[in-house]
Amino acid sequence: MSKDASKEQLRLMYLSGTVSIPPRLPDVAEIAFRSLGKKDVVVATQKISPKLIIKRTFFLSDVTAIFLPTSFDAVDLTDGEWLEGKTLVVRADANLDKEAVKGIVYVRENAQSILELQAGLTAAESAEYYPPLPEDRSVNHYDMDGGGLYGRLGNPGCGYY
C-alpha cells in the first residue's frame with residue numbers, strides 16, 4: 001500500500017462521524033486555538049452576513065481534522081492543507097492564543113460545544129427571541145419516560161392537558 005493511499009484512508013477515518021463547521025461548502029470560518037481553563041479549545045467564527053455572526057467553541061480533543069484551503073473564493077478539498085492527528089495537535093500548540101486562520105473544522109457529531117450568536121435585530125425581533133429553555137424538547141429529547149414539560153402537562157398538540 002502506498003503512503004498516499006494510507007494517508008487517504010486515515011483521512012476517511014478522521015472524517016467519519018464528524019460534522020463540518022461551517023456546515024456548507026464553500027464557506028470557511030476563522031479558526032482560533034485558545035486556552036479555556038486547563039483545556040485547549042478550537043473557536044470557529046463564521047460571519048454569515050453583516051448582521052449575523054456565529055461562534056462555536058469545541059474542545060480540541062473533539063476536533064478530528066481541520067482543512068486550510070489555498071483559495072477562500074473557490075474552496076477545493078484537494079487544494080490546501082489538512083491538519084489531522086499529530087499534525088493538528090502540533091499546529092494547535094504552535095498557534096495557541098495567536099492569530100486565527102481560515103478554514104473548515106471537522107468535529108465529532110456528539111461533541112460538546114458553546115454556541116454564541118451575534119445578530120443585528122430590531123427591538124421587536126429581539127423581544128420575541130428566546131433561547132432554548134430547560135424544558136424544551138431540544139434539551140430533554142432523550143427523556144423517554146415522559147418527563148419534562150409535556151410529561152407534567154400532557155402534549156398540547158394532542159389536546160390532552
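User: Before we start, what does buried mean here?

Analyst: Buried means under 20% relative accessible area, exposed means over 50%, and partly exposed is in between. One thing to keep in mind as we go: this is a predicted model.

User: Good. Then is Thr18 buried or exposed?

Analyst: Thr18 is buried, because its relative accessible area is 15%, and the cut-off for that class is under 20%.

User: Where does Thr18 sit, and which residues does it touch?

Analyst: You'll find Thr18 in strand β1, which covers residues 18-21. Leaving out residues up to four places away in sequence, Thr18 touches Thr64, Tyr106, Val107, Arg108 and Glu109.

User: What does the side chain of Thr18 reach?

Analyst: The backbone oxygen of Leu15, at 2.6 Å.

User: Nice. Let's zoom out: how many helices and strands does the protein have?

Analyst: There are 5 helices and 8 strands. Going along the sequence, the order is α-β-β-β-β-β-β-α-β-β-α-α-α.

User: And what share of the residues is buried?

Analyst: Of the 161 residues in the protein, 25% are buried. The accessible surface is about 11200 Å², and carbon and sulfur atoms hold 55% of that.

User: How many residues lie between β2 and β3?

Analyst: There are 2 residues between them, and the two strands form a hairpin. Gly37, in the turn, has a positive phi of about 65 degrees.

User: Which residue other than glycine has a positive phi?

Analyst: Asp97 is one, with phi near 60 degrees. That deserves a look because most residues other than glycine have a negative phi.

User: Where is Asp97?

Analyst: In the loop between α2 (85-94) and β7. Asp97 counts as partly exposed, because its relative accessibility is 48%.

User: Now the peptide bonds. Where are there cis ones?

Analyst: One joins Ile21 and Pro22, with omega about 0 degrees. Another joins Leu25 and Pro26, with omega about 10 degrees. Pro22 is in the loop between β1 and β2, and Pro26 is in that loop too. As background, most peptide bonds are trans.

User: New topic: what does Ala119 touch?

Analyst: Ala119 touches Lys51 and Leu52, again leaving out residues up to four places away in sequence. Ala119 and Lys51 are 68 residues apart along the chain, yet their C-alpha atoms are separated by 5.5 Å.

User: Which strand holds Ala119, and how is its accessibility classed?

Analyst: Ala119 lies in strand β8, residues 113-119. Ala119 counts as partly exposed because its relative accessibility is 39%.

User: Last one: which residues make the nonpolar surface patch of about 320 Å²?

Analyst: Leu117, Leu121 and Tyr129 make that patch. Tyr129 is in the loop between α3 (123-128) and α4 (137-140).

Methods
Residues are numbered from 1 along each chain as its sequence is written. This is a predicted model: local features need pLDDT of at least 70, side-chain atom pairs count only at pLDDT 80 or more; totals for chains, interfaces and linings use all residues. Side-chain values use heavy atoms; hydrogens and water are left out. Patches are made of residues with over 30% relative accessible area and no salt bridge: like charges are joined within 9 Å, nonpolar side chains (Val, Leu, Ile, Met, Phe, Trp, Tyr) within 5 Å. Accessible areas come from the Shrake-Rupley method with a 1.4 Å probe; for residues, only the protein chains shown count as cover. A salt bridge is a side-chain nitrogen of Lys or Arg within 4 Å of a carboxyl oxygen of Asp or Glu. Helices (H or I, at least four residues) and strands (E, at least two) are DSSP runs, numbered from the N terminus. Buried means under 20% relative accessible area, exposed over 50%, partly exposed in between (1.4 Å probe, protein chains only). Contact means heavy atoms within 4.5 Å. Two strands pair if DSSP finds at least two bridges between them. A polar contact is a pair of N or O atoms within 3.5 Å; within protein, one must be able to donate a hydrogen and the other to accept it, and residues adjacent in sequence count only if both atoms are side-chain atoms.
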